[in-house]
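Colleague: I am new to this one. Please take me through it feature by feature.

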Amino acid sequence: MTSDSQLNARELAAAVQARGGRPLHSQLETTLRRLIEQGHVTTAAILPDELQLAAQLGVSRHTVRHALGVLTNEGLLRRERGRGTTVVSATAPRVIERSLSTFYAFAWETRARGATQHSYVLERKVLPADAEFAQRLALPFDTEIERIVRLRTADEDPLVFETAYLPRELTVALDASVLEQQSIYDALERLFGLRITGARESIRPIVLSRPVARMLRASPGSPAFSVERTTWADRGPIEWQESIVRGDRYLYSVDLPRQP
C-alpha cells in the first residue's frame, strides 16, 4: 500500500477484497484501521473519493460512508467538505473520564491532563431575560443577561460546543483572554469576590446535527451528550449552560457509596 499523500482507490480496494469473508463495509473499516495503525498509510494521507471507492469495491456510496464514519468517530480520520477525508492519527484518541462526584470545569480538567486549553468565542450577545431565564438565574424579568457561545478545545482537538447564559453585570468584566484561555469560574471569583459553591447537571444522549458535527470534527448523527448545568455561587445561581459533548471522547462516571 502506498504511503503517498493521495491514496489509490484501486490499491485500497484490492487490499480490502483480499481479506474477504465479511461484509464489505466491515472489511473496509478493518483494513483501513490496520493500514493506519501499522504505518502503511501515514498521517495527512488523503483517502480516495467516496464514489471512487464505491466503484472499485462494487458497493454503494452509503456503505463506504458508513465505514469511514466509524473511523472518523474513532479519531483516525477527518472528513471536511471540499477537502475530502484525511488521516489525522495513527492511534485512536484517549477517552476522557469525567467524574460526576465533584465540581469540575473544562479548563481545570484540561490543565490537569497536561493539555493546552483554548476556547473559540463564536458569539457574545446581550439580551433581556425572558421568564425562563429570569427563573433559572433568579433575576427580575428583562434584566440584561449575556449569551456566550464557545467551541472548547484541548490541544486544538474540539471536544465541547458550549452555550452559556450569565448576568450581564458579571460578563461585562470578562474579556477575550478570559473567555479564550482561562476558566470563567476562576475569573468571577477573582474579579467579584464570589465563591462558586456547586452545580446541578442533567445529561442525556443525543446525536449530532450537521452544523455542530462539523465544528466538532465528527460525523453527523454520531453520538454525543447534551449536558445542561446550573451553577451556583454564594450569591445564588450565576450561570445556565448547555454543552454538547462528543460521545466518542467522554465517559461519565460516578461513585455510588452504599448507605449503612
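Modeller: We begin with burial. A residue counts as buried under 20% relative accessible area, as exposed over 50%, and as partly exposed in between. Arg246 has a relative accessible area of 3%, so Arg246 is buried. Keep in mind that this is a predicted model.

Colleague: What share of the residues in the protein is buried?

Modeller: Buried residues make up 45% of the 260 residues. The protein exposes about 13,400 Å², and carbon and sulfur atoms supply 50% of that area.

Colleague: How many helices and strands are there in the protein?

Modeller: Ten helices and ten strands. Along the principal axes, the C-alpha atoms fill a box of roughly 65 × 50 × 30 Å. Residues 24 or more positions apart account for 60% of them.

Colleague: Next, charges. How do I read a salt bridge?

Modeller: Side chains of opposite charge can pair when their charged atoms come close. This structure holds 15 salt bridges. In one of them, Glu123 pairs with Arg147, and the closest N and O atoms are 2.6 Å apart.

Colleague: Which strands hold Glu123 and Arg147?

Modeller: Glu123 lies in strand β4 (residues 117-128) and Arg147 in strand β5 (residues 144-154), so the pair ties together parts that are 24 residues apart in sequence. Glu123 is partly exposed, at a relative accessible area of 29%.

Colleague: Which side chain meets Glu146 in a salt bridge?

Modeller: Arg124 does, at 2.6 Å from N to O. Glu146 is in strand β5 and Arg124 in strand β4, so this pair links distant parts of the chain, 22 residues apart. Compare the two partners. Glu146 is buried, at 3% relative accessible area. Arg124 is partly exposed, at 34%.

Colleague: Back to Arg246. Which side chain meets Arg246 in a salt bridge?

Modeller: Asp248, at 2.9 Å from N to O. Asp248 is partly exposed, with a relative accessible area of 21%. Salt bridges that share partners join Asp157, Arg246, Asp248 and Arg249.

Colleague: Now the rings. How do I describe two of them together?

Modeller: A pair of aromatic rings is described by the distance of the centres and the angle of the planes. The count here comes to eight aromatic pairs. Take Phe133 and Trp240. Their ring centres are 5.7 Å apart and their planes stand at 75°, so the pair is edge-to-face.

Colleague: Where do Phe133 and Trp240 lie?

Modeller: Phe133 is in helix α6 (residues 131-136) and Trp240 in strand β9 (residues 236-246), so the pair ties together parts 107 residues apart in sequence. Phe133 is buried, and Trp240 is buried as well. Elsewhere, ring pairs link Phe103, Trp108 and Tyr185 into a cluster.

Colleague: Which residue lies over the face of Phe133?

Modeller: Arg136, at 5.2 Å from the ring centre.

Colleague: What does Thr86 touch?

Modeller: Not counting residues up to four places away in sequence, Thr86 touches Ala45, Ile46, Leu76, Leu77 and Arg78. Thr86 sits in strand β2 (residues 84-87). At 17% relative accessibility, Thr86 counts as buried.

Colleague: And where is Trp232 found?

Modeller: In strand β8 (residues 223-233). Trp232 is partly exposed, with a relative accessible area of 34%. Beyond its neighbours within four places in sequence, its contacts include Ile196, Gly198 and Pro237. For a sense of span, Trp232 and Leu71 are 161 residues apart in sequence and 40 Å apart in space, C-alpha to C-alpha.

Colleague: Last, the surface. Which residues make the nonpolar surface patch of about 370 Å²?

Modeller: Leu100, Ile203, Val254 and Leu256 make that patch. Val254 is in the segment after β10 (250-253). With a relative accessible area of 48%, Val254 is partly exposed.

Conventions: Residues numbered from 1 in each chain as written. Predicted model: local features only at pLDDT ≥ 70, side-chain atom pairs only at ≥ 80, totals over all residues. Heavy atoms only, no water. Patch = residues over 30% accessible without salt bridge, like charges linked within 9 Å, V, L, I, M, F, W, Y side chains within 5 Å. Areas by Shrake-Rupley, 256 points an atom, 1.4 Å probe, with all protein chains shown as cover. Salt bridge = Lys/Arg side-chain N within 4 Å of Asp/Glu carboxyl O. Helix = DSSP H or I, 4+ residues; strand = E, 2+ residues; numbered from the N terminus. Buried < 20%, exposed > 50% of the residue type's maximum accessible area, 1.4 Å probe, protein only. Phe/Tyr/Trp six-rings, centres within 6.5 Å; stacked < 30°, edge-to-face > 60°. Lys NZ or Arg CZ within 6 Å of the ring centre and 35° of its normal. Contact = heavy atoms within 4.5 Å.
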